[in-house]
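User: I've got this chain open and I'd like to go through it with you piece by piece. Could you take my questions as they come?

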Amino acid sequence: MSHETWESLLVFLLAINEELLATPTIKDDVGDQLCERVLSVLFEVWLVACAKSFPGPPLWRTLREMAITWRHRTALITTWARVCLALTHRLIAFVYPPSFPKHQFFFEDIAPKHPSNNDNDHWTVPTDLTDEKVAQAWFRFLHTIGSPVDLSRPQVISQTPKFLQYAMVSDTDPSSHPCLTSLPTNFLIGIKGISNLVDTFLGIPSDPLVLPEEETKKETPTPPPHRRPAKSFSVSSVSQKG
């Protein structure tokens, strides 16, 4: 595909994610059910685009600006942590010598009890992504969600157009929306994700993060188990066939 086609595809996916994820979370609505899937498709296609036709600065800036308004979604933080860890492994491969200790590479290191975890959930970086592009993508993805410290601040996370619209309609403080009760979990996952990156650079294993049991029970697989496909969709394989 041409560079313009790749950019149009990414803009299209960004628009879908913005429409579904920017609004405050309402349990079991379409955004809640599709959150994990649409984010996975966005990040996977974005990685493939990095290999085929690296996105320009305006697209990266748009991704960051939009992702900052999705930070109340736990799936965003887990997906971000997984992608950053996968890119870090590729970065380590050419920055450090082959003898450097390998860090374990499993999503379970971040949220082992999440109901969506399985052996197919490991993120892989496209093999045709050059070392230079890996470094560029790693740095840009790392900054996608802004400061992880903000994940512990409802007053900051709720300062988005959709949350302010909710506040105007309901005549309440936007930081009081019930969905923001997930922020402690988001903060925990975000900081653990950064901890995993540090451990990777140090060549030491990470301790698994066990989420509070009550938080784990609150989360619903997206889509629910009876709608989940048997095998995860692979953009990379489709791209290679094309």
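Analyst: Happy to. Keep in mind that this is a predicted model.

User: Does Pro 101 count as buried, exposed or partly exposed?

Analyst: The cut-offs are under 20% for buried and over 50% for exposed. Pro 101 has a relative accessibility of 42%, so it ends up as partly exposed.

User: How far apart are the C-alpha atoms of Pro 101 and Thr 200?

Analyst: Along the chain, Pro 101 and Thr 200 are 99 residues apart.

User: Let me zoom out. How many helices and strands are there in the chain?

Analyst: Reading from the N terminus, the elements go α-α-α-α-α-α-α-α-α-α. That gives zero strands, and the helix count is ten.

User: Of the contacts between residues at least 6 apart in sequence, what percentage join residues at least 24 apart?

Analyst: Some background on the chain: it has 242 residues, and 47% of them are buried. For the contacts you ask about, the share joining residues at least 24 apart is 77%.

User: How are α1 and α3 oriented relative to each other, roughly parallel or roughly antiparallel?

Analyst: Helix α1 covers residues 3–21 and helix α3 covers residues 57–67, and their axes are 11 Å apart. The packing angle is about 10°. Angles under 35 degrees count as roughly parallel, so for α1 and α3 the answer is roughly parallel.

User: Which residues in α3 meet α1, and what classes make up that contact?

Analyst: From α1, the residues involved are Glu 7, Leu 10, Val 11, Leu 14 and Glu 18. On the α3 side they meet Leu 59, Thr 62, Leu 63 and Met 66. By class, the contact comes to two charged, one polar and six nonpolar residues.

User: How many disulfides does a search of the whole structure find?

Analyst: A disulfide is a covalent bond between the sulfur atoms of two cysteines. Cys 50 is buried at 0% relative accessible area, and Cys 84 is buried too, at 1%. For disulfides, the search of the whole structure comes back with zero.

User: And how many salt bridges turn up?

Analyst: One of them pairs Lys 52 with Asp 128, at 3.0 Å from N to O. Asp 150 takes part in a salt bridge with Arg 71 and in another with Arg 153. The search of the whole structure gives a total of three.

User: For Lys 52 and Asp 128, how many residues apart are the two partners?

Analyst: Lys 52 belongs to helix α2 (residues 30–52), while Asp 128 is in the loop between α4 and α5. Lys 52 is partly exposed at 40%, and Asp 128 is partly exposed at 38%. The pair links distant parts of the chain, with a spacing of 76 residues.

User: Which parts does the pair of Arg 71 and Asp 150 tie together, and how far apart are they in sequence?

Analyst: The closest N and O atoms of Arg 71 and Asp 150 are 3.6 Å apart, and both residues are buried. Arg 71 lies in the loop between α3 and α4, and Asp 150 in the loop between α5 and α6 (154–157), so the parts tied together are separated in sequence by 79 residues.

User: Which residues do the salt bridges with shared partners join into one network?

Analyst: Arg 153 and Asp 150 have their closest N and O atoms 3.2 Å apart. Arg 153 is partly exposed at 39%, whereas Asp 150 is buried at 15%. The network consists of Arg 71, Asp 150 and Arg 153.

User: Which residues does Ser 175 contact, leaving aside neighbours within four places in sequence?

Analyst: Ser 175 is in the loop between α7 (161–170) and α8 (183–202). Its relative accessibility is 17%, so Ser 175 counts as buried. Its contacts are Pro 154, Gln 155, Ser 158 and Leu 180.

User: Last one: what is the phi of Asp 171?

Analyst: Most residues other than glycine have a negative phi. Asp 171 lies in the loop between α7 and α8 and counts as exposed, at 70% relative accessibility. Although Asp 171 is not a glycine, its phi is positive, at about 55°.

Terms used. Residues numbered from 1 in each chain as written. Predicted model: local features only at pLDDT ≥ 70, side-chain atom pairs only at ≥ 80, totals over all residues. Heavy atoms only, no water. Axes fitted to C-alpha atoms, helices over the stretch in contact; angles between N-to-C directions. Helix = DSSP H or I, 4+ residues; strand = E, 2+ residues; numbered from the N terminus. Parallel < 35°, antiparallel > 145°, perpendicular 65-115°, else oblique. Contact = heavy atoms within 4.5 Å. Nonpolar A, V, L, I, M, F, W, Y, C, P; charged D, E, K, R; others polar. Disulfide = S-S within 2.5 Å. Buried < 20%, exposed > 50% of the residue type's maximum accessible area, 1.4 Å probe, protein only. Salt bridge = Lys/Arg side-chain N within 4 Å of Asp/Glu carboxyl O.
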